[in-house]
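Please go through the points below slowly, with the structure open beside the text.

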Amino acid sequence: MKSSFNDTFLRACRKEPTPYVPVWYMRQAGRYQPEYRKIREKYSFFEMNYIPEVCAEVTKLPVDQLGVDAAILFADIVTPLKPIGVDVEIRSGIGPVIDNPIRNTADVRRLGELDPVSDIPFITDAVKILANELRVPLIGFAGAPFTLASYMIEGGPSKNYYKTKAMMFTAPETWALLMEKLADMTITYLRAQIAAGAKAVQVFDSWVGAVSEADYREFIFPTMHRIFSSLKDTGVPLIYFGVGTGHLLRTFNELPVDVLGLDWRVTITQARTEYGVDKALQGNLEPALLLAPWETLEKKAKQVLDEGTEQPGYIFNLGHGIFPQCSVETMQKLTALVHSYSRKNGEMIV
């Protein structure tokens, strides 16, 4: 790494001393940015993915604009599904919509295997550009099998995941096969990003909070354990994040990951004391506070920072992603606050 490379985020992931708390934001490239909206006028979402130079430009934008300590690849969790035979598109105001949902074992067996060289060269090319140009770590990412399966089975976003859970409960062999195929795809996808230059990876399990701890342990945990175990030899920090997953934190803590991301429903202190999490932690400011008066936002952010820095291994983030109504100016002020408030008079955070 070049001497100008900022590795604060990576050190925090490994629970090493840092001069300040590193910060990045989920959805830090997005519609709240005028520059992003201008680019979006020219390209569809997937076109932005398919042109490596555009993907790299969008990924770098918040790093330069906000001063964050890590970049995250601009893509969608469904990006690798198209190459394996899933007819998916991103519809404005809805999200991923799939016209050939999974209904039975035959549907699962028809899914192909991901070949990074022929299927996603646009992703690996974007990562290579970013690895060469960024002076902060690039986070690669993928959607977790349960969350991807929920889209594939429901046909799109869902509020209750009845069809997804029905397959788990009534067709466990079909479910197991689907988990196996999606795990293979996820491992291949993340390893390709790491080989291209990603310095860490995050797996988003956005909707897994919909299942109980017992069902997670039976139907999902083995798949996630396999994914993270398979990536351990890469040496990059592994991050796992889900929404509404406080009841799953004890089980998450058993996974071979380096960092657990928290949403805003569970405090950092609760995660460490009540749920026994001993991993590095990432999070978890309530995103709605970004619309609050600055005095309120500042107070709450300092509370999160105070809790986070009570133990080694902490990265500031939101409890979910930045949303379109936020302002660039607020995100800039928040980033500066995290850095300045956590510097502790020049002492290393240990």
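**Notes on the model**

1. The residues that line the largest pocket comprise 23 nonpolar, 9 polar and 6 charged ones, where Ala, Val, Leu, Ile, Met, Phe, Trp, Tyr, Cys and Pro are counted as nonpolar, Asp, Glu, Lys and Arg as charged, and the rest, including Gly, as polar. This is a predicted model, in which local features need pLDDT of at least 70 and side-chain atom pairs count only at pLDDT 80 or more, while totals for chains, interfaces and linings use all residues. Residues are numbered from 1 along each chain as its sequence is written, and side-chain values use heavy atoms, with hydrogens and water left out.

2. The largest pocket holds about 1,300 Å³ of space, and of its 38 lining residues R27, R31, F45, D76 and I90 are the closest to its centre. Two or more lining residues come from each of α2 (34-40), α3 (45-50), β2 (88-91) and β3 (95-98), and β2 contributes the most, with 3 residues. On a 1 Å grid over the protein atoms alone, a pocket is an open set of points with protein on both sides within 12 Å along at least five of seven lines, a cavity is a set where a 1.4 Å probe fits but cannot get out, and lining residues have an atom within 4 Å of a point. Points are joined across faces, edges and corners, and a volume is the space filled by probe spheres set on them. Helices (H or I, at least four residues) and strands (E, at least two) are DSSP runs, numbered from the N terminus.

3. The second largest pocket contains about 180 Å³ of space, and its lining includes W264, V266 and T267, together with E286, K300 and E307. Both β8 (280-285) and α15 (294-308) give two or more residues to this lining, and α15 has the largest share, with 4 residues. The lining is made up of 6 nonpolar, 3 polar and 3 charged residues.

4. Side chains of opposite charge can pair when their charged atoms come close. The whole structure has 11 salt bridges, each being a side-chain nitrogen of Lys or Arg within 4 Å of a carboxyl oxygen of Asp or Glu. One of them joins E133 to K60, with the closest N and O atoms 2.4 Å apart; this pair connects distant parts of the chain, since E133 lies in helix α7 (residues 121-133) and K60 in helix α4 (residues 52-66), 73 residues apart. E133 is partly exposed because its relative accessibility is 40%, and K60 is partly exposed as well, at 22%; here buried means under 20% relative accessible area, exposed over 50%, and partly exposed in between (1.4 Å probe, protein chains only).

5. A salt-bridge network links E89, R91 and D99. R91 counts as partly exposed because its relative accessible area is 31%.

6. An open sheet has 7 strands in the order β1-β4-β5-β6-β7-β8-β9, with parallel pairing, and its edge strands are β1 (71-72) and β9 (314-318), each of which pairs on one side only. Two strands pair if DSSP finds at least two bridges between them. Strands β6 (residues 238-242) and β7 (residues 259-261) pair over 3 bridges, and F241 has G261 in β7 as its bridge partner.

7. Most residues other than glycine have a negative phi, and most peptide bonds are trans. The peptide bond from G283 to N284 is cis, with omega near -15°, and N284 is in strand β8. R27, in the loop between α1 (8-13) and α2, has a positive phi near 60°.
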